Amino acid sequence: MHGSPNGSSGPSAARVDAAAFRSVLSRFATGVVAVTAVDPAPGRPTGLAVNSFTSVSLDPPLVAFCVAHTSRTWPRLRAAGRLCVNILAESQVDVTERLAFGNGDEKFTGIGWSHTPGGAPLISDALAWIECSVEQEHLAGDHMIVVARVHDLAQHHDGPPLIFYNRSYGTFARERD
């Protein structure tokens, strides 16, 4: 590790180029989830695609994800109370595109879904789901780190996961014995 003990490189540290930063981090493969909720105002489902999702704690059960602080969808999700983190399958690229680029009511057009026990939208054919509620939010640069408490969860089925790598979607191959 370079730099001082607190992680900074001191006053002579060069500014990191945003394009280079994005390019380097695109080499890190991540899973893709859809964070969904019922928008309380119109009573319709809404959501967003997230590739910055992680487990945080087993006791208490916590997960985290990051959302751009400029997101127009996040305030509606936060207001809903219960959220569903849908772990997406390889076949669900269309879901991420709809949630990322759709507007308002369009976001769920053509997406099959049902309700979690707490009422959040559970996307059909997701590999698994996690029902949660916001525990904490932390402003971090141009994003919000959301820590959420898990209330319920289940697996739907096995299958190849949706992976985001080098600015495109895919999956991974694994050899079976």
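## Basis and confidence

Residues are numbered from 1 along each chain as its sequence is written, and side-chain values use heavy atoms, with hydrogens and water left out. Because the model is predicted, local features need pLDDT of at least 70 and side-chain atom pairs count only at pLDDT 80 or more, whereas totals for chains, interfaces and linings use all residues.

The protein chain averages a pLDDT of 87, and 90% of the residues score at least 70; pLDDT is the predictor's confidence in each residue, from 0 to 100. Over residues 1–5 pLDDT stays under 50, and for this segment the model has three contacts beyond four places in sequence, a contact being heavy atoms within 4.5 Å. Where pLDDT is low, the predicted coordinates should not be read in detail.

## Overall architecture

The protein chain has three helices and twelve strands, taken as DSSP runs (helices H or I, at least four residues; strands E, at least two) and numbered from the N terminus. Of the contacts in the protein chain with a separation of 6 or more, 62% are accounted for by residues 24 or more positions apart. Buried residues make up 32% of the 177 residues in the protein chain, where buried means under 20% relative accessible area, exposed over 50% and partly exposed in between, with a 1.4 Å probe and protein chains only.

In helix α3 (residues 93–101) the buried residues are Val-95, Thr-96 and Leu-99. Seen down the axis of α3, these residues fall within an arc of 95°, so they line one face of the helix; the arc is that of the directions from the helix axis to the C-beta atoms. They pack against β2 (33–39), β3 (44–50), β8 (121–123) and β12 (168–170).

Val-85 lies in strand β6 (residues 83–87) and is buried, with a relative accessible area of 0%. Its C-alpha atom is separated by 5.6 Å from that of Trp-129, 44 residues apart along the chain, and, not counting residues up to four places away in sequence, Val-85 touches Val-33, Ala-34, Val-35, Phe-53, Ala-128, Trp-129, Ile-130 and Cys-132. Glu-131, in strand β9 (residues 128–140), is also buried, with a relative accessible area of 2%. Beyond four places in sequence, the residues that Glu-131 touches include Arg-82, Cys-84, Arg-149, His-151 and Asp-152.

## Surface

The protein chain exposes about 10,700 Å², of which carbon and sulfur atoms supply 53%; accessible areas come from the Shrake-Rupley method with a 1.4 Å probe, and for residues only the protein chains shown count as cover. Val-16, Phe-21, Val-24 and Leu-25 make a nonpolar surface patch of about 410 Å². Patches are made of residues with over 30% relative accessible area and no salt bridge, with like charges joined within 9 Å and nonpolar side chains (Val, Leu, Ile, Met, Phe, Trp, Tyr) within 5 Å; a salt bridge is a side-chain nitrogen of Lys or Arg within 4 Å of a carboxyl oxygen of Asp or Glu. Leu-25 lies in helix α1 (residues 18–25) and is partly exposed, with a relative accessible area of 47%.

## Backbone geometry in loops

Most residues other than glycine have a negative phi, and most peptide bonds are trans. The peptide bond from Asp-59 to Pro-60 is cis, with omega near 5°, and Pro-60 lies in the loop between β4 (53–58) and β5 (61–68).

Asp-125, in the loop between β8 and β9, has a positive phi near 70° and counts as exposed at 53% relative accessibility. Arg-167, found in the loop between β11 (163–165) and β12, has a positive phi of about 65° although it is not a glycine.
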